[in-house]
Amino acid sequence: MTNPAAALIVAAGRGTRLADPNDTRPKQYRDLAGQPVLTHTLNALGNHPRISRLLTVIHPDDTVLYDEAVAELPAAIRVKLEPAVAGGATRQNSVHAGLQALANTDCGHVLIHDAARPFVTTEVLDKLLDALDEGAHGVLAAVPVSDTLKRVDTNRVSAETVDRTGLWAAQTPQAFELDKILSAHTRAAAAGRDDFTDDTGLAEWASMSIVISDGDPANFKITTSADLKRAETLARTGVMSDTTNTPRPLADLTDIRTGIGYDVHAFEDGTGVVLGGIEIPHYRKLKGHSDADVVLHAITDATLGAIGDGDIGQHFPPSDPKWKGAASDQFQLDAIRRVAALGGRLAHIDVTVICEEPKIGPHREAVRNSIAEICAIPVSRVSVKATTSEKLGFTGRREGIAAVAAVTVRLPFDEEA
């Protein structure tokens with residue numbers, strides 16, 4: 001008979017290494033693909049059928065942020081939520097507080113997890129819980145160290161190469177029998193020890209035996225701005241779209257499809273045009289219900305065309321006041337979500353802007369980089385070209401701008417699709 005399990009999510013930290021003067025929220029509440037990081041983490045844990053309770057340890061100042069994060073969870077996950085617990089001065093103090101709050105529940109197992117690891121997979125959770133069912137007192141999710149390790153002096157001069165044989169990089173969740181890890185924490189607190197940064201380290205101090213379970217390289221902790229950017233790329237390209245939370249290898253995406261998109265907008269009085277998410281100064285602007293970004297509109301239609309899923313007008317009708325003045329990147333993000341829902345990924349974008357004015361050349365690289373960032377693909381996979389129509393037609397008469405886009409997507413091959 002399997003024991004019911006609780007997940008204890010540690011979310012009381014301040015995340016100082018991700019400091020941003022324009023966004024003072026702790027990293028666990030930063031936006032990731034439109035939702036707080038913590039929301040994604042709770043989703044990943046709460047979707048597991050063996051996890052019956054979710055308890056989050058938060059900083060007392062973060063109550064409003066926490067309430068906003070959990071409000072976005074599906075009802076089936078919200079019912080698993082225990083009241084949040086206030087954390088302490090150290091991670092160890094916070095975990096101890098959470099364990100004490102779980103002591104009177106029916107859960108025999110507990111998984112202690114960092115709030116800033118939103119990519120934990122069902123497979124990793126299964127292996128941790130299976131190891132506990134087989135009698136382990138504590139289980140550590142970890143990955144073997146594959147890089148060469150160097151020990152350096154205070155001046156960052158290499159002193160020696162460290163033998164990596166038998167070395168593993170620890171991750172979370174770290175799984176335990178609830179009563180045993182609570183007892184270990186209580187003993188450590190009584191002994192005046194509050195310096196453990198890792199629960200398996202505390203468990204080893206308490207003479208508990210810990211076994212290693214296979215972690216996942218994608219289950220990384222968001223610590224720096226580079227980590228957050230990497231997480232955004234993974235999230236936008238569909239990593240969180242299936243039950244395993246992991247992207248399909250490109251080798252499995254053998255169905256290569258191309259869609260074509262075309263859009264045009266007329267000029268009206270204004271101070272600039274928006275192309276590919278970049279505002280380009282001009283004495284006129286483009287007329288449209290949204291921001292009239294002719295480039296992103298063409299790319300969105302091409303993306304939808306590649307998967308045979310209608311067009312931008314079908315999904316975002318101009319008759320709907322909701323989209324009045326809307327930024328067009330959200331249209332393309334929705335199209336990317338539809339690709340991801342099919343298990344696919346964007347592979348390449350090629351767009352041609354057709355106009356006499358403004359000049360596109362000086363802004364080409366900014367537009368390329370903007371499209372790459374919106375679509376979470378390398379800029380090397382984005383091509384932006386510009387041409388005139390030799391003064392022929394409406395573009396030649398400087399009445400507006402047209403754009404043609406070709407988007408390539410890769411999908412799992414399905415003979416019936």
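Reader: Where is Pro358 found?

Author: Pro358 is found in the loop between β16 and α12. Bear in mind that this is a predicted model.

Reader: What makes the peptide bond from Glu357 to Pro358 cis?

Author: Its omega is near -5°, and the bond is cis. Another cis peptide bond joins Thr172 and Pro173, with omega about 10°. Pro173 lies in strand β10, residues 168-177. These bonds deserve a remark because most peptide bonds are trans.

Reader: Why is Arg156 called exposed?

Author: Exposed means over 50% relative accessible area. Arg156 has 75% relative accessibility, so it counts as exposed. Its place is the loop between β8 (149-152) and β9 (158-162). Ser207 has 67%, so it counts as exposed. That residue is in the loop between α7 (199-205) and β11 (210-214).

Reader: And why is Tyr262 called partly exposed?

Author: The term covers values between the buried limit of under 20% and the exposed limit of over 50%. Tyr262 has a relative accessible area of 45%, so it is partly exposed. Tyr262 is found in strand β12.

Reader: How do you know that Tyr262 can belong to a surface patch?

Author: Patch residues need over 30% relative accessible area. Tyr262, at 45%, is therefore past that cut-off. Together with Ile260, Val264 and Val404, Tyr262 makes a nonpolar surface patch of about 360 Å². Strand β12 (residues 255-269) gives the largest share of the patch, 3 residues.

Reader: Why is His96 called buried?

Author: Buried means under 20% relative accessible area. His96 has 13% relative accessibility, so it counts as buried. The residue sits in helix α4, residues 91-102. Leaving aside neighbours within four places in sequence, His96 is in contact with Leu182, His185, Thr186 and Ala189.

Reader: Why is helix α1 described as largely enclosed?

Author: In α1 (residues 37-46), 10 of the 10 residues are buried, so the helix is largely enclosed by the rest of the structure. Among them are Val37, His40, Asn43 and Gly46. For the protein chain, buried residues make up 49% of the 417 residues.

Reader: How many disulfides are there?

Author: A search of the whole structure finds 0 disulfides. For a pair to count, the cysteine sulfur atoms must be within 2.5 Å. As for cysteines, Cys107 has a relative accessible area of 6%, so it is buried. Cys375, at 1% relative accessibility, therefore counts as buried.

Reader: Which residues touch the most other members of the largest nonpolar core?

Author: They are Val295, Leu346 and Ile371, in a core of 36 residues. Elements that each supply at least two residues of this core include β13 (272-275), α11 (329-341), α12 (364-375) and β18 (400-411). Helix α9 gives the most, with 7 residues. Not counting residues up to four places away in sequence, Val295 touches Leu275, Gly276, Val351, Val353, Ile371 and Ala403. A second, separate core of 31 residues includes Tyr66, Leu73, Val120 and Ala136.

Reader: How far apart are Asp291 and Val273?

Author: They are 18 residues apart in sequence and 8.6 Å apart in space, C-alpha to C-alpha. Asp291 is found in the loop between β15 (284-286) and α9. Setting aside residues up to four places away in sequence, its contacts are Val274, His297, Gly325, Ala326, Ala327 and Ser328.

Reader: What share of the contacts in the protein chain join residues at least 24 apart?

Author: The share is 73%, taken among contacts between residues at least 6 apart in sequence. The chain has 13 helices and 18 strands, and its C-alpha trace spans about 85 × 55 × 50 Å along its principal axes.

Note on methods: Residues are numbered from 1 along each chain as its sequence is written. This is a predicted model: local features need pLDDT of at least 70, side-chain atom pairs count only at pLDDT 80 or more; totals for chains, interfaces and linings use all residues. Side-chain values use heavy atoms; hydrogens and water are left out. Patches are made of residues with over 30% relative accessible area and no salt bridge: like charges are joined within 9 Å, nonpolar side chains (Val, Leu, Ile, Met, Phe, Trp, Tyr) within 5 Å. Accessible areas come from the Shrake-Rupley method with a 1.4 Å probe; for residues, only the protein chains shown count as cover. A salt bridge is a side-chain nitrogen of Lys or Arg within 4 Å of a carboxyl oxygen of Asp or Glu. Helices (H or I, at least four residues) and strands (E, at least two) are DSSP runs, numbered from the N terminus. Buried means under 20% relative accessible area, exposed over 50%, partly exposed in between (1.4 Å probe, protein chains only). Contact means heavy atoms within 4.5 Å. A nonpolar core is a set of buried Ala, Val, Leu, Ile, Met, Phe, Trp, Tyr and Cys residues joined through side-chain atoms within 4.5 Å.
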